[in-house]
Amino acid sequence: MPQKKTPYFELRSGAVDTLHFVVKTPQLDTLRSELAQRFEATPEFFAGDTVAIDVRRLAGDERVAVPALAEMLAEFRMKPIGVVANAEQAEWAVVDGLPRLDSHERRVPRAARESASEAEAEASVAEAAAPAAPAPSEASAIPSTIIDRPLRSGQQIYAKGDLIILDLVSYGAEVIAEGNIHIYAPLRGRALAGVKGKLDARIFCTCLEPELISIAGIYRTGEYALPPEVQGRSVQVRLVDDKLIFEPLGLK
């Protein structure tokens with residue numbers, strides 16, 4: 001029987017980006033100890049953030065007590081919303097109140113990237129003889145988002161392309177981009193580039209003093225002091241083999 005439309009609500013399919021809490025050990029005591037150590041200096045860092053419990057990194061015979069883990073994350077002010085698991089793990093990982101979630105991560109394992117690079121190199125000879133494909137028009141590209149005002153604590157900016165910030169990003173503010181992030185002012189809050197899995201995204205900043213820096217899901221928090229050659233200086237941040245690389249820009 002067809003359902004009548006109502007002006008009061010709609011049900012639509014959609015996708016929600018959220019943090020993944022990637023579990024690498026089933027030992028809850030170890031996880032609790034590491035969480036306490038990581039967030040001792042910044043207990044409010046992920047307060048109120050939703051997280052998906054990702055158990056795919058566990059070995060085939062390892063199981064973690066998901067309900068107890070969810071309670072533990074709640075103690076650290078995070079809000080678990082579901083579980084990311086493969087088909088075999090779903091039998092024990094999916095519990096009441098925490099449904100199985102689909103993951104649409106675009107990050108590719110290093111070995112797969114290297115294999116793809118070799119295949120591309122072999123194909124390049126044939127492609128060189130073929131006529132070049134027309135470049136996409138500027139109209140089809142996603143325009144950059146430009147913010148020319150200071151961002152205060154609690155404010156968040158999201159850009160589908162590159163994000164350009166011309167003023168201060170205060171402690172507690174958050175700037176997020178699917179592309180690169182350029183900040184021509186001090187960064188004291190969070191900056192997350194390549195959030196849809198863009199591995200070659202970069203972050204450029206004229207004064208780096210961040211709470212958190214992240215590219216394609218690989219992050220570093222401000223509780224770990226940056227080297228003096230980049231702390232408070234002009235820096236670019238990029239991802240190399242799943243590691244964040246901080247490089248001085250030498251700007252004055």
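**View 1. Arginine 190 counts as buried, at 14% relative accessibility.** Buried means under 20% relative accessible area, exposed over 50%, partly exposed in between (1.4 Å probe, protein chains only). The model is predicted: local features need pLDDT of at least 70, side-chain atom pairs pLDDT 80 or more, while totals for chains, interfaces and linings use all residues. Numbering runs from 1 along each chain as its sequence is written, and side-chain values use heavy atoms, without hydrogens or water.

**View 2. Arginine 190 forms a salt bridge with glutamate 174.** A salt bridge puts a side-chain nitrogen of Lys or Arg within 4 Å of a carboxyl oxygen of Asp or Glu. Here the closest N and O atoms are 3.2 Å apart. Both residues are buried.

**View 3. Arginine 190 also forms a salt bridge with aspartate 49.** The closest N and O atoms are 3.4 Å apart. The two residues are 141 apart in the chain. Aspartate 49 is partly exposed, at 22%. Shared partners join Asp49, Glu174 and Arg190 into one network.

**View 4. Aspartate 200 forms a salt bridge with lysine 198.** The closest N and O atoms are 2.9 Å apart. Aspartate 200 is exposed at 53% relative accessibility; lysine 198 is partly exposed at 32%.

**View 5. Cysteine 205 and cysteine 207 form no disulfide.** A disulfide needs two cysteine sulfur atoms within 2.5 Å. The sulfur of cysteine 205 is 6.3 Å from that of cysteine 207, so the pair is too far apart for a bond. Cysteine 205 is buried at 3%, and cysteine 207 is buried at 14%.

How values were computed
Helices (H or I, at least four residues) and strands (E, at least two) are DSSP runs, numbered from the N terminus.
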